[in-house]
Amino acid sequence: MERICVFVCGVLLLMSTASVGWEQKHDYKLALSTSLLFFEGQRSGKLPPNQRLTWRKDSALRDGQEGGVDLTGGYYDAGDNVKYSFPMAFTATMLAWSIIEFGDGMAMGNEWINAAEALRWNTDFLLKATAHLPNTVYAMVGNPNSDHICWERPEDMETPRPVYAVNTAHPGSEVAGEIAAALAAASIAFKTYDAAYSQRLLSKAKQAYYFANTYQGSYNDSIGYAVCPFYCDFSGYHDELAWGGAWLNKATNSKKYQNHVDTAIRKMKLMQEEGTNYIDTEFSWDNKHAGTYVLLSQIGQYEKEAQTFACAVLPESPTRTVKYTPGGLLFKTQGCNNQIVGSLSLLALIYAKHLTEARQTITCGNTQFPPWKLVEFAKNQADYILGTNPLGMSYMVGYGPKFPQHVHHRAASLPSVNAHPSFIACGDGFSYLNRPNPNMNELTGAIVGGPNSGTDNFADDRRQSAQTEPTTYVNAPFVGVFAYFVNHKK
């Protein structure tokens, strides 16, 4: 990832898409299947025989050797060739939650197995990253600075692949807490499909949470020289402690971790009052506030905070705090805005499902809204991403007649090993970065960062990473969003 996402809030009136004449129907089954293909383009390690994006080949087969551990596999986070456990774990949590809540839509679209395989490729790596618990968690493979001075295929990597870890003396509660959440959520997703694997995930989730909660501290202080500025933790680590504990309660069907959850939330709120934390309407690889409250609302806890989230995003809400572009896209950040669009859309659908089942409504000031207003919000966001927008541009590669052709992605922009078997050195690939031609390979399913201003403008320019770079944690929540609309057309 080659940008820092800074979140901003504001207010702008939402224009109805119907009023400007670009309302259209979308094939959500196709969107779902396409979005899942992207994860195969991000795979690191030894690729399986059923690899569908065949222009990608084996890569980084010695990852972890510098640290004396096997850290092969997993996903490259974005358009570069570095592996970060923190956002990778969030990706896993989002995939797992999508399967848990909307697996029926995946089954209808014949995509449940592909979603499960995308999740397992991730969790298999997270198990490796936690292999040395109770004392160590591996947080990162690769040097981002040396990686970013190259434009080269992962299959050709010649850059150093150092291993960065947090331990009891140099803690990283946010990365360990998110891994705990991911493994706990995945244990639920796999419970009826592979009971033995599910139990293994849950056991490791408990270990990861014990490490995160017992040895509290931020990985910014322990390995910030490596993870910053790319994946600095801006929101503190208490949200991951609350989030991880909440998922463990759900996975164990108990309240064993409730005291840890409540303590972490009190500290989150204190930081918020002191102005050192983000508000409750944030949800991303870094900030778990809104996600934690929606998850806990399913068992009747922190319902006021979950309502605050809903009221903050509903366009007609008198207490709305987010802004929208004239075309209707939720807009919160100049860099990789679509990560926020996807995560908040998934949250809206999950919360709407809970409210519907509980026969509850949303109260924003003196105004009440039915749960379907959250569904409407999520559908408008999904449709915008798929092409219902002023530019008629799908922001998912391979979906629709018009989509980004110049994705900021090393492997996709360079000729494949099939087409160019010869080695391409570190600096030799920059001519492909700077050329005006479309990418050499289609990174099917990649959802790019999207418009970087509040005006619906988009530059399909490989050098504009904030707009054209995809990430795994952008796609992951959209998997759940598309799965929902497979099963709920209206």
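A pocket is here an open set of points on a 1 Å grid over the protein atoms alone, with protein on both sides within 12 Å along at least five of seven lines. In this predicted model, the largest pocket holds about 260 Å³ of space. A search of the whole structure also finds two cavities of 30 Å³ or more.

**Largest pocket**

- The lining of the largest pocket comprises 14 residues, and the closest to the pocket centre are Ala60, Leu61, Arg62, Met157 and Arg161.
- By class, this pocket lining has seven charged, four nonpolar and three polar residues.

**Cavities**

- The largest cavity has a volume of about 50 Å³.
- Its lining consists of Leu36, Phe39, Glu40, Arg43, Arg52, Tyr75, Asn114, Glu117 and Ala118.
- Helix H1 (28-41) and helix H3 (112-129) each contribute at least two residues to the lining of the largest cavity.
- Four nonpolar, four charged and one polar residue make up the lining of the largest cavity.
- The second largest cavity contains about 40 Å³ of space.
- Residues lining the second largest cavity include Gly41, Gln42, Arg56, Tyr76 and Ala78, and also His409, Arg410 and Ala411.
- The lining of the second largest cavity divides into five polar, four nonpolar and three charged residues.

**Packing of H13 and H17**

- Two packed helices are described by the angle between their axes and the distance between the axes.
- For helix H13 (residues 372-386) and helix H17 (residues 472-487), the angle is about 110° and the axes are 11 Å apart.
- H13 is therefore roughly perpendicular to H17, since angles of 65 to 115 degrees count as such.
- On the H13 side, the contact is made by Val375, Ala378, Lys379, Ala382, Ile385 and Leu386.
- On the H17 side, Phe478, Val481, Phe482, Tyr484 and Phe485 take part.
- The residues of this contact are ten nonpolar and one charged, with no polar residue.

**Three-stranded sheet**

- Strands of a sheet pair through backbone hydrogen bonds, either parallel or antiparallel.
- An open sheet of three strands has antiparallel pairing and the order S1-S2-S3.
- Strand S1 (83-84) and strand S3 (163-167) are the edge strands, each with a single partner strand, so one side of each has no neighbour in the sheet.
- Strand S2 (residues 136-141) and S3 run antiparallel and are joined by five bridges.
- Val137 has Val166 in S3 as its bridge partner.

**Glu155**

- Glu155 is placed in the loop between helix H4 (144-148) and S3.
- Although Glu155 and Ile424 are 269 residues apart along the chain, their C-alpha atoms are separated by 9.5 Å.
- Beyond its neighbours within four places in sequence, Glu155 is in contact with Trp55, Arg56, Lys57, Asp58, Ser59 and Val417.
- Of these contacts, Arg56 is also one of the residues lining the second largest cavity.

**Backbone features in loops**

- Most residues other than glycine have a negative phi, and most peptide bonds are trans.
- Leu133 and Pro134 are joined by a cis peptide bond with omega of about 20°, and Pro134 lies in the loop between H3 and S2.
- Another cis peptide bond, with omega of about 5°, joins Cys228 and Pro229.
- Pro229 is in the loop between helix H7 (219-227) and helix H8 (238-252).
- Asn253, a residue other than glycine, has a positive phi near 50°.
- The location of Asn253 is the loop between H8 and helix H9 (258-273).

Notes:
Residues are numbered from 1 along each chain as its sequence is written. This is a predicted model: local features need pLDDT of at least 70, side-chain atom pairs count only at pLDDT 80 or more; totals for chains, interfaces and linings use all residues. Side-chain values use heavy atoms; hydrogens and water are left out. On a 1 Å grid over the protein atoms alone, a cavity is a set of points where a 1.4 Å probe fits but cannot get out, and a pocket is an open set with protein on both sides within 12 Å along at least five of seven lines; lining residues have an atom within 4 Å of a point. Grid points are joined across faces, edges and corners, and a volume is the space filled by probe spheres set on the points. Helices (H or I, at least four residues) and strands (E, at least two) are DSSP runs, numbered from the N terminus. Ala, Val, Leu, Ile, Met, Phe, Trp, Tyr, Cys and Pro count as nonpolar, Asp, Glu, Lys and Arg as charged, and the others, Gly among them, as polar. Axes are lines fitted to C-alpha atoms, for helices over the stretch in contact, and angles run from 0 to 180 degrees between N-to-C directions. Angles under 35 degrees count as roughly parallel, over 145 as roughly antiparallel, 65 to 115 as roughly perpendicular and the rest as oblique. Contact means heavy atoms within 4.5 Å. Two strands pair if DSSP finds at least two bridges between them.
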